[in-house]
Amino acid sequence: MLKNYLKIALRNFRRHKITSFINVVGLAIGIACAALILLYVRHELSYDRYHQNKDRIYRLVSKVQGASYEAVAKVPGPWSIEAKKSFPEIQHVARFVFFNEILVSRGEKRFYESGGFFADSTVFEIFSFALLKGNPQTALVPPNAVVITEAFAQKYFGDEGPLGQTLQFDNQSEYLVTGVMRNVPTHSHFTFDFLVSMATYANPRRDNWEWLQFYTYLLLAPGASPARVAEKFPTLLQQHVEAAVASNYTPYLQPLTDIHLRSQLFREMQANSDIAYVYIFSAVGFFILLIACINFMNLTTARAATRAREVGVRKVTGADRTQLVKQFLGESILVSGFALLLAMVVIDLLLPAFNFLTGRELAVDYFDDKIFSLSLVGIALLVGAVSGSYPAFVLSGFKPVNVLKGKLPQSSRTWLRQGLVVFQFAISAFLMIATGIVYNQLDYIQNKRLGFNAEQLVIVPIRDEGMRLKYETVKHELLQHPNIVSVAASGNLPGGGDWGIPYEPEGIPPDQIPPMRILAVDQDFVSTFQIELATGRSFSKDHPSDMTAAFMINEEAAKQLGWSDPLGKTIAMSRIQRPAAPVIGVLKDFHFRSMHEKIGPIMFFIPPPDWFTVFSVRIRPENVAGTLAFLERKWTALDPSRPFDYTFFDEQFGQLHLAEQRIGQLLGYVAVLAIFIAGLGLFGLAAFTAQQRTKEIGVRKVLGASVGGLVLLLSKDFTKLVLLGFIVAAPLAYYAMNRWLADFAYRVEIGIGVFVLAGLLALMIAWLTVSYQSIKAALANPVESLRYE
């Protein structure tokens with residue numbers, strides 16, 4: 001019986017080549033997209049789940065009242081240490097502090113490294129980082145001890161054993177390698193190349209109860225309640241700081257496995273993803289697969305008439321409905337099986353592009369990754385069963401008396417096919433509209449006036465203390481080249497590098513002081529970044545007091561401070577021993593963060609030279625390569641012990657909207673796939689419709705119908721369906737994209753243009769798809785279709 005079913009199925013494949021091709025290709029693309037999405041979603045949901053104690057590990061974070069952010073991922077160092085002593089629910093505490101980018105060298109090997117942390121020795125008690133060499137209890141106990149990853153060890157030591165050897169940091173300190181660990185898995189919310197013992201961290205503020213600098217993780221005892229532990233922190237803080245200060249903080253605990261997808265705090269260790277992207281990708285995969293399934297259902301039910309006599313004969317000869325359902329489901333699963341084989345090829349072809357799109361390093365191994373392989377087979381079986389279920393039950397339900405007489409129930413099947421076509425093109429139109437709006441928003445972001453000039457700015461890190469102290473000399477040397485327009489030194493930059501330092505403005509009660517962001521700059525920063533002045537003046541070398549006794553603020557700061565005339569108003573920063581000094585200038589508002597945030601208050605001041613970390617060099621657009629070569633030569637002469645390194649500021653600033661760029665690319669590709677699959681289905685339906693109406697077309701041609709009139713006749717029904725799909729999609733797309741745009745403080749308005757363009761594209765694609773079959777049928781010789789009548 002099974003052999004007979006297989007023969008019938010293969011015979012039908014050969015007889016209906018176009019339909020079979022459309023079904024296999026459409027399902028293959030759908031299965032491939034679903035499989036890639038499955039890889040991505042599984043990877044995203046797996047973050048930090050490899051740790052043995054993952055369910056008991058929590059990160060200590062805090063809400064901060066009066067800050068420019070709601071909550072911060074860092075807390076002061078003493079919080080957790082004292083909590084460990086006071087709270088029996090806490091078994092272990094581990095803290096991390098960023099190890100600033102530094103030159104690491106061993107012999108001739110010298111590289112700048114930024115992937116390191118200072119860390120407590122208890123790291124290996126909490127996290128399941130595999131230490132291959134060294135003692136996990138003592139590796140991070142002594143000062144100047146470093147634990148490195150396998151990749152880091154290979155980079156500097158090659159095949160030599162690194163344990164007990166030393167690495168030189170910043171041409172000065174020697175660090176003893178006390179451990180080698182496996183590379184941190186990529187599905188970790190933070191990764192690193194090396195860990196330096198916390199005993200090495202000599203910052204004088206490390207024991208300050210208000211200095212938010214430590215990423216802190218707690219391992220709770222089995223059965224301990226994280227909420228109860230968090231409730232104890234306010235009391236602990238009140239024992240060590242003034243009540244007014246303690247009330248500014250609301251500590252709470254984050255589950256380790258929630259951080260990657262559900263945490264977007266200020267100063268995250270590394271950029272996290274968002275659970276929304278998991279939902280978006282999942283929905284995309286589902287709808288692409290659904291469109292492919294709809295093609296199968298549509299084309300199979302459309303061909304019902306061609307198999308009706310087969311059903312009637314089989315029923316007359318004794319076949320029951322169950323046997324017929326099994327046969328038709330088997331055929332659809334067989335089609336799905338062929339599609340699965342093709343999908344595996346498509347997956348291998350698309351995976352590199354998909355990795356680029358998602359920023360991940362996903363890989364497929366069908367033999368080792370049995371769960372994925374079984375999931376792929378499960379998807380194929382499900383697709384086959386779902387796609388074939390309706391046709392199977394429809395075809396098997398035909399009554400033999402009627403079908404052998406040529407009488408078939410048409411209305412319900414026609415209505416269903418039309419509804420499925422509408423649904424397909426509604427999804428396609430939705431994706432096209434969404435893609436258009438995302439691209440409009442990205443174009444708006446890229447072209448919106450930032451309030452400063454981000455182009456032609458070369459950022460050069462300062463890594464030598466001597467270079468900081470003689471920064472004016474360095475600037476003078478760099479300005480010798482005619483293509484270098486200006487040079488500025490600063491401690492931080494726009495684009496998320498702004499600081500938060502407590503300040504005391506004149507005449508404002510402490511509880512009414514608005515949050516303020518800080519940029520520490522020199523006298524040439526404003527002119528180098530070409531930030532416009534609203535009133536007053538900029539820092540100037542003609543006013544020596546500006547070095548220690550002057551501030552600049554932006555218009556938003558003046559507004560929030562309630563200063564209608566801010567010039568001359570004083571600001572003090574007692575935390576850094578900065579006495580009260582006047583505001584000398586007001587800057588026009590400029591975007592120092594992403595477009596997701598409204599322009600907030602910001603303040604400029606000139607810090608001590610040892611605060612400077614970068615030079616910003618404005619260059620002319622001519623002969624950029626020659627200018628960069630000059631910068632490298634000059635820098636090497638000024639600081640021969642360190643390699644020259646640079647970035648372009650506009651590229652760095654553009655990273656703020658990388659996630660939106662990826663979403664835009666994803667929607668663009670998906671819209672193309674959706675239209676392609678829907679177009680395939682429409683092509684098959686048009687071919688079948690033309691075949692069914694061959695005699696009608698012949699009669700009309702004999703009676704004088706023109707080719708154009710016949711093409712219009714065959715196309716108008718499909719045009720109505722596509723238009724109806726667009727009408728369904730338009731309000732849904734408007735609502736969804738309005739919700740997406742609501743996350744931007746500065747956004748494009750959704751205009752009618754994107755809807756018109758999407759509608760015209762959908763219609764054009766549908767017309768091009770259908771017109772081929774329509775013209776072919778209209779040009780056919782009517783004699784051939786009517787010769788047997």
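A: A nonpolar core is a set of buried Ala, Val, Leu, Ile, Met, Phe, Trp, Tyr and Cys residues joined through side-chain atoms within 4.5 Å. Please note that this is a predicted model.

Q: How many residues does the largest nonpolar core have, and which have the most contacts inside it?
A: The largest nonpolar core has 117 residues, and I31, F452, F525, I531, F604 and F649 are those with the most contacts inside it. Helix α2 (residues 17-45) supplies the largest share of this core, 16 residues.

Q: What does F452 touch, leaving aside its neighbours within four places in sequence?
A: F452 is in contact with P494, F529, Q530, I531, F590, H591, F649 and F653.

Q: And what is in the second core?
A: That core is separate and has 29 residues, including I57, F127, M181 and L219.

Q: Changing topic: at what angle do α3 and α6 pack?
A: Helix α3 (residues 77-86) and helix α6 (residues 226-238) pack at about 110°, and their axes are 11 Å apart. An angle of 65 to 115 degrees counts as roughly perpendicular, and α3 and α6 are therefore roughly perpendicular to each other.

Q: Which residues meet there?
A: From α3, W79, E82, A83 and S86 meet F233, L236 and L237 of α6. By class, this contact has five nonpolar, one polar and one charged residues.

Q: Now R642: buried or exposed?
A: R642 counts as buried because its relative accessibility is 5%. R642 lies in the loop between α19 (624-638) and β24 (647-648).

Q: What does R642 touch?
A: Not counting residues up to four places away in sequence, R642 touches L103, R110, Y112, D170, N171, R463 and D464.

Note on methods: Residues are numbered from 1 along each chain as its sequence is written. This is a predicted model: local features need pLDDT of at least 70, side-chain atom pairs count only at pLDDT 80 or more; totals for chains, interfaces and linings use all residues. Side-chain values use heavy atoms; hydrogens and water are left out. Buried means under 20% relative accessible area, exposed over 50%, partly exposed in between (1.4 Å probe, protein chains only). Helices (H or I, at least four residues) and strands (E, at least two) are DSSP runs, numbered from the N terminus. Contact means heavy atoms within 4.5 Å. Axes are lines fitted to C-alpha atoms, for helices over the stretch in contact, and angles run from 0 to 180 degrees between N-to-C directions. Angles under 35 degrees count as roughly parallel, over 145 as roughly antiparallel, 65 to 115 as roughly perpendicular and the rest as oblique. Ala, Val, Leu, Ile, Met, Phe, Trp, Tyr, Cys and Pro count as nonpolar, Asp, Glu, Lys and Arg as charged, and the others, Gly among them, as polar.
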